[in-house]
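This report describes a protein model for a reader who has not seen it before. Please keep the sequence and the structure in view while reading.

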Amino acid sequence: MAFEPPQRLVRALGEAQRGGSDGTKGDDGSGKWLAELAGAVQQAVGLSELTVERVQAPGGRSSLVVLVRQADGTPAVLKLAPERARPESERAALVHWGGRGAVQLLSPGGVVGDVHGVLLLERLRPDLSVRSLPEAKALLEAAGTLRRLWVEPPAARVHAFETVAERTGRQAEAMRAAADTDAEVVELVDAALAAREELIAGPPEERLLHGTFRQSKVLAGERVPWLAVGPDPVIGECAFDLARLVRDRVEDLIASPSGASITRRRVKRLAESLEVDQERLRGWTLFRAVESGVRARRVGRPQDAELLLEFAGWL
């Protein structure tokens, strides 16, 4: 199969080499993975007797998605991801959810299910996410989907999911290392790090979380109207998962003259609707927004960084 990987994926992998979400830099194998991608697709397609329709473009920032049909004509999705995207962790979470609130993993014990970094998934509607809905409806549908994912994790002896404390610990170190002389940014980093220390101080809540949930991660399906895709699963408290949803459509919030008050109302509304502590949701929203903003500065996306850090200042 001859194809060019989507440029969005190529750019994102290049950013990762300059410093990903955990601040690490250098060769993480992504370049080699990208060079061997066409061959990996051919192998997976051949082993599972799949027919390729097309590569989904612009696609995601961490994986290649190929629309395929199985031998019996059933539409499906072939997803390939490098090691840094933790595809085996995604596989384990999808198995545990079993299609409840999330895309269904097909043939988890079959050939593709045994190939590292390759997932065969039910076909959703890749071009229709809840982000296409009016804002209030989108938040309602996204929140309802997220609630279904918050389940007891599998026993520790059968999974290797990292915890919120572990993941944010790496991120905190990267934030400290990237601190610059901009007093406003330093102040936000200090506030975010202080919030994290307070949030992780008590006994941890243990739920299986999506990890990177937002409106664009909820696609229309046939089995049920909306299903989550693309988890980077983690074990921890629900407020951490909900925090990323708070800043959805951040560009619209920043453009609004009442963006700050809308944000505070959104925190309150989401906390109440999903029964999480409002202050903990605010704290995790602050940490995650500052972490994303600092990371955007580090990898050369100044406009994204400006939006995220301005948003964080409202919290």
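## Salt bridges

The chain holds 23 salt bridges, counting each side-chain nitrogen of Lys or Arg within 4 Å of a carboxyl oxygen of Asp or Glu. The model is a predicted one. Side chains of opposite charge can pair when their charged atoms come close.

One of the pairs is Arg123 with Glu53, whose closest N and O atoms are 3.1 Å apart. This bridge connects distant parts of the chain: Arg123 sits in the loop between strand S4 (118–122) and strand S5 (125–129), while Glu53 belongs to strand S1, 70 residues apart. Arg123 counts as buried because its relative accessibility is 19%, under the 20% limit. Glu53 has 38% relative accessibility and so counts as partly exposed.

## Two further pairs and a network

Glu162 and Arg170 form another salt bridge, with 2.7 Å between the closest N and O atoms. Arg170, at 29%, is partly exposed. Both residues belong to a network of salt bridges that links Arg86, Glu162, Arg167, Arg170 and Asp232.

Glu197 and Arg196 also meet through their side chains in a salt bridge, at 3.0 Å from N to O. Arg196 is buried, with a relative accessible area of 8%. Glu197 has 42% relative accessibility and is therefore partly exposed.

## Backbone features

With 25% relative accessibility, Arg86 counts as partly exposed.

Glu49 is another residue other than glycine with a positive phi, near 55°. Glu49 lies in the loop between helix H3 (37–47) and S1. Its relative accessibility is 58%, so Glu49 counts as exposed. A cis peptide bond joins Ala57 to Pro58, with omega at about 5°.

## A negative surface patch

Which residues form the negative surface patch? The patch consists of Asp182, Glu184, Glu187, Asp190, Glu306 and Glu310. Two elements give two or more residues to it, helix H7 (183–199) and helix H12 (302–313). H7 gives the most, with 3 residues.

Glu306 is a patch member located in helix H12. At 56% relative accessibility, Glu306 counts as exposed, because the limit for that class is over 50%.

Ala312 counts as buried because its relative accessibility is 2%. Leaving aside neighbours within four places in sequence, Ala312 is in contact with Leu188, Leu286, Ala289 and Val290.

Ser89 is in helix H4 (residues 87–97). Ser89 is also buried, at 15% relative accessibility. Not counting residues up to four places away in sequence, Ser89 touches Phe161 and Pro233.

Leu139 is found in helix H5 (residues 135–149). Leu139 is buried, since its relative accessible area is 4%. Setting aside neighbours within four places in sequence, the contacts of Leu139 are Gln215, Leu245, Arg266 and Arg269. Leu139 and Gly300 are 161 residues apart along the chain, and their C-alpha atoms are separated by 30 Å.

Key. Residues numbered from 1 in each chain as written. Predicted model: local features only at pLDDT ≥ 70, side-chain atom pairs only at ≥ 80, totals over all residues. Heavy atoms only, no water. Patch = residues over 30% accessible without salt bridge, like charges linked within 9 Å, V, L, I, M, F, W, Y side chains within 5 Å. Areas by Shrake-Rupley, 256 points an atom, 1.4 Å probe, with all protein chains shown as cover. Lys, Arg positive; Asp, Glu negative; His and termini not counted. Charge placed at Lys NZ, Arg CZ, Asp CG, Glu CD. Helix = DSSP H or I, 4+ residues; strand = E, 2+ residues; numbered from the N terminus. Buried < 20%, exposed > 50% of the residue type's maximum accessible area, 1.4 Å probe, protein only. Contact = heavy atoms within 4.5 Å.
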